Amino acid sequence: MTNETTNETTNEPVNGEAEAAGKEMTEENWNELLKAVFHNGIVALKMSFSDVEGQVLNLDNYGPVFVFRVKDQDNADYYCGFFLRELAGRFQSGNSPEIWMASFFHELMKNKGGNSMPKPLASEEEAKAAVDNVLVPMCIAAVTEEFAPEQVHAGLAWNEEHGPVFEAGFPAITDGNNVCAIPLHLLLTHLQLNRDPSELLLQGMYKIREEHGLE
């Protein structure tokens, strides 16, 4: 492994970024933004699902999060959460946000019977158990299967800036950066929103391959 680390954190707001965005707008404008994004989310999902509901939550480190619930043909409920910045970015880009949002629910519906939002992790012990028993095995399996039979590096590490991270990369790449690292708290937050945290790692790894002309 080289010593360089790419910290792929996608477009979600983190900590001060959400606060800074709020300070640049009046409270009224901020509330209008949240209402507009929420409304657009409902409209987008109703293009694929007839029964859609949602709510806006606020996470300390990530700001507003939009949790939507849709029903399938068997009347089962499926829940999935999205960050403010990623939704706003999708709607502004016009890059088929309705298809993108629906894709998460179609993926969840592969497991029949519905799902619910995971219970908030109430302690460090619960968070550690979720990391050790769910998050790490899921991410290792995803990156090894995605790039098989190529050898990959995947596991926990420590980053001076971000603290505990999950690293994934390609030992065969020896010239330049060959690792992406995602903060554990970000991966865990995706898991708590019924999102696949390994997608962040796969995006980072494909970016590395592109940088080295392997895609």
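Is Ser-96 buried, partly exposed or exposed? In this predicted model, where local features need pLDDT of at least 70, side-chain atom pairs count only at pLDDT 80 or more, and totals for chains, interfaces and linings use all residues, Ser-96 turns out to be partly exposed, with a relative accessible area of 30%. (Buried means under 20%, exposed over 50%, and partly exposed in between, using a 1.4 Å probe and protein chains only.) Residues are numbered from 1 along each chain as its sequence is written, and side-chain values use heavy atoms, leaving out hydrogens and water.

Ser-96 sits in the loop between α3 and α4 (97–108), and has a positive phi of about 45° despite not being a glycine. Asn-75, another non-glycine, has a positive phi of about 70°. Its loop runs between β3 (63–71) and β4 (77–83), and at 53% relative accessibility Asn-75 counts as exposed. Then there is the cis peptide bond from Ala-148 to Pro-149, with omega near 5°; Pro-149 lies in the loop between α5 (124–147) and β5 (153–159). For background, most residues other than glycine have a negative phi, and most peptide bonds are trans.

On to the helix packing. Helix α2 (residues 27–46) packs against helix α3 (residues 84–93) at an angle of about 70°, their axes 10 Å apart. The two are therefore roughly perpendicular (65 to 115 degrees). In contact terms (heavy atoms within 4.5 Å), Trp-30, Leu-33, Leu-34, Val-37, Asn-40, Gly-41 and Ala-44 of α2 meet Leu-84, Leu-87, Ala-88 and Phe-91 of α3.

Note on methods. Axes fitted to C-alpha atoms, helices over the stretch in contact; angles between N-to-C directions. Helix = DSSP H or I, 4+ residues; strand = E, 2+ residues; numbered from the N terminus. Parallel < 35°, antiparallel > 145°, perpendicular 65-115°, else oblique.
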